[in-house]
Structures are given as structure tokens and as C-alpha cells.
Amino acid sequence: MRVLDVGVGTGLMAREAAYLVGASGHVTGVDPSAGMMGCAVVPAGVKLLLGSAEAIPFGPDAADFISMGYALRHVADLSLAFREFMRVLKPGGRICVLEITSPAGRARRTLLKAYMRGVVPVVARYIARHRDVPQLMRYYWDTIEACASPSVIMGAIGDAGFVDVRRTVTLGVFSEYCARKAPRQQ
Ligand SMILES: C[S@@+](CC[C@H](N)C(=O)[O-])C[C@H]1O[C@@H](n2cnc3c(N)ncnc32)[C@H](O)[C@@H]1O
């Protein structure tokens, strides 16, 4: 199993992928930020490469599975990104994209926003003891709020040629987008 984790960041998803595929598998993480990857903690054997969702440094059909955890909201061109996923994935391969979705109802959205922009930055500042942390945590929420809607994301996945496009939602905010590249015709 060759797993490609796009937007690998500090390696949370890549670590779990390495655990799941075991010694016979291969995990590669791609991220445009050398600084994030410099802080990554991943098992030996996990490769980290500079690149982005829109420009993956892989040839065609090079991955069996593509994961992306909480990085989609930073991608400027969803169509280009999913076309790249399609290019590097082997026929029959699958993708799984995790993202936080701003809640649909106005009251729940307002409550979560107040928590994420008000409470979390203060608590994080206290725990991390770094003056830039509140700004970072507010930015975290702002990117969630600015993220494309689930229907736009699913449309972009389908338009790139993926089949069986599905979204599973947990607690109203954690979205899991899964899809498959059709097997090659015999
Ligand atoms: C919240 S972190 C991701 C966390 C990571 N997936 C994990 O499991 O720990 C978001 C990451 O997306 C990366 N990113 C930003 N723009 C990107 C792009 N266009 N393509 C891929 N990754 C991108 C950032 O550099 C950052 O490392």
C-alpha cells in the first residue's frame, strides 16, 4: 500500500497511516511548508517532500491511497488539486479528505465561532506560553469559516473524475470526503 498524505504538516495523519500500512507499506507526506515538515514527528521510512495539492511531486498512478487532513481549506484551487489527486492515484485507488465544516445552523455557528475565536485563543496562549498563539488560533477559525461548502467540495471531486463520492459528518462539523478512481477498463 503506497499512501500519499497531502498537507502532511507535523505528521499526525502520516503517523497513523504508517501504523495502518505496517512494514510492507510506504507513506509519503507532501507539504508546501518546510517549516511545518521540519517539526514533523514521523516513523523512520516515512518520506517528506516539498509540494502542494496543486503540484504533487509524483508521477502518474504512483499512489494507492491519498489522504488529506485539515489542509483542504488552505488550497486555493480545488479543481486543480483534485485533478492532481486523480493523476497520481492508480486506477481503483481511493482518497479520504478530512475537513472541519462550519455548522449549518446560525445559532450553532455563532456559538462555535465565539468558542473558537474567544475561548480557545486565550486557553491556547496560557498553555503554549507564546504571544503569537492567539492570532494563530483565530486564523484557524477564519480558515474554517472561509472554507468551500461541502457541495462545492463534492462537486470538485466529482468533476475531477472520481466516482462514489461520499461525505460522512461527525458531530455536525467533522467532514470526511471519500471517493474512488474507477478501475482501468480491460
Ligand atoms: C492544519 S495543518 C495539517 C495537519 C496535518 N495534516 C496533520 O495531520 O497533522 C495544514 C497544512 O496544510 C498545508 N498547506 C497549505 N496550503 C497547502 C496546499 N496548497 N497544498 C497542500 N498543503 C497545504 C500547510 O502548510 C499545513 O502544514
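Modeller: Phe-82 and Phe-85 stand three residues apart in helix H3, so about one helical turn separates them. Helices (H or I, at least four residues) and strands (E, at least two) are DSSP runs, numbered from the N terminus. This is a predicted model, in which local features need pLDDT of at least 70 and side-chain atom pairs count only at pLDDT 80 or more, while totals for chains, interfaces and linings use all residues. Residues are numbered from 1 along each chain as its sequence is written, and side-chain values use heavy atoms, with hydrogens and water left out.

Biologist: Thanks! What kind of aromatic pair do Phe-82 and Phe-85 form?

Modeller: A search of the whole structure finds one aromatic pair. Its members are Phe-82 and Phe-85, 5.5 Å centre to centre with 90° between the planes. Rings of Phe, Tyr and Trp (its six-membered ring) pair if their centres lie within 6.5 Å; planes under 30 degrees apart count as stacked, over 60 as edge-to-face and the rest as tilted. That makes the pair of Phe-82 and Phe-85 edge-to-face.

Biologist: Is Phe-82 buried or exposed?

Modeller: Buried means under 20% relative accessible area, exposed over 50%, partly exposed in between (1.4 Å probe, protein chains only). Phe-85, at 1%, counts as buried. Phe-82 has a relative accessible area of 0%, so Phe-82 is buried.

Biologist: Which residue of S2 is the bridge partner of Val-6?

Modeller: Two strands pair if DSSP finds at least two bridges between them. S1 and S2 are joined by five bridges in the parallel sense. Five of the six residues of S2 (residues 26-31) are buried, so this strand is largely enclosed by the rest of the structure. The partner of Val-6 in S2 is Val-30.

Biologist: Then which residue of S3 pairs with Val-30?

Modeller: S2 also pairs with strand S3 (residues 47-50), in the parallel sense over four bridges. Ser-52, in the loop between S3 and S4, is in contact with Val-6, Val-30 and Pro-32, leaving aside its neighbours within four places in sequence. In S3, the bridge partner of Val-30 is Leu-49.

Biologist: Which hand does the β-α-β unit of S1, helix H1 and S2 have?

Modeller: A crossover is right-handed if, with the strands pointing away from the viewer, the path from the first strand over the helix to the second runs clockwise. Helix H1 covers residues 12-21, and the unit it makes with S1 and S2 is right-handed.

Biologist: What is the relative accessible area of Val-41?

Modeller: Val-41 lies in the loop between helix H2 (34-38) and S3. Apart from residues up to four places away in sequence, Val-41 touches Thr-10, Gly-11 and Arg-15. Val-41 is exposed, with a relative accessible area of 54%.

Biologist: Which ring has Arg-73 over its face?

Modeller: A charge sits over a ring if NZ of Lys or CZ of Arg is within 6 Å of the ring centre and within 35 degrees of the ring normal. The charged end of Arg-129 sits over the ring of Tyr-126, 5.3 Å from its centre. Arg-73, at 4.8 Å from the ring centre, lies over the face of Tyr-140.

Biologist: Last one: which residue in S7 stands opposite Cys-96?

Modeller: S7 pairs with S5 in the antiparallel sense over seven bridges. Strand S6 (residues 163-170) is also antiparallel to S7, with six bridges, and in their hairpin Leu-171 takes a positive phi near 55°. Opposite Cys-96, the residue in S7 is Cys-178.

Key: Contact = heavy atoms within 4.5 Å.
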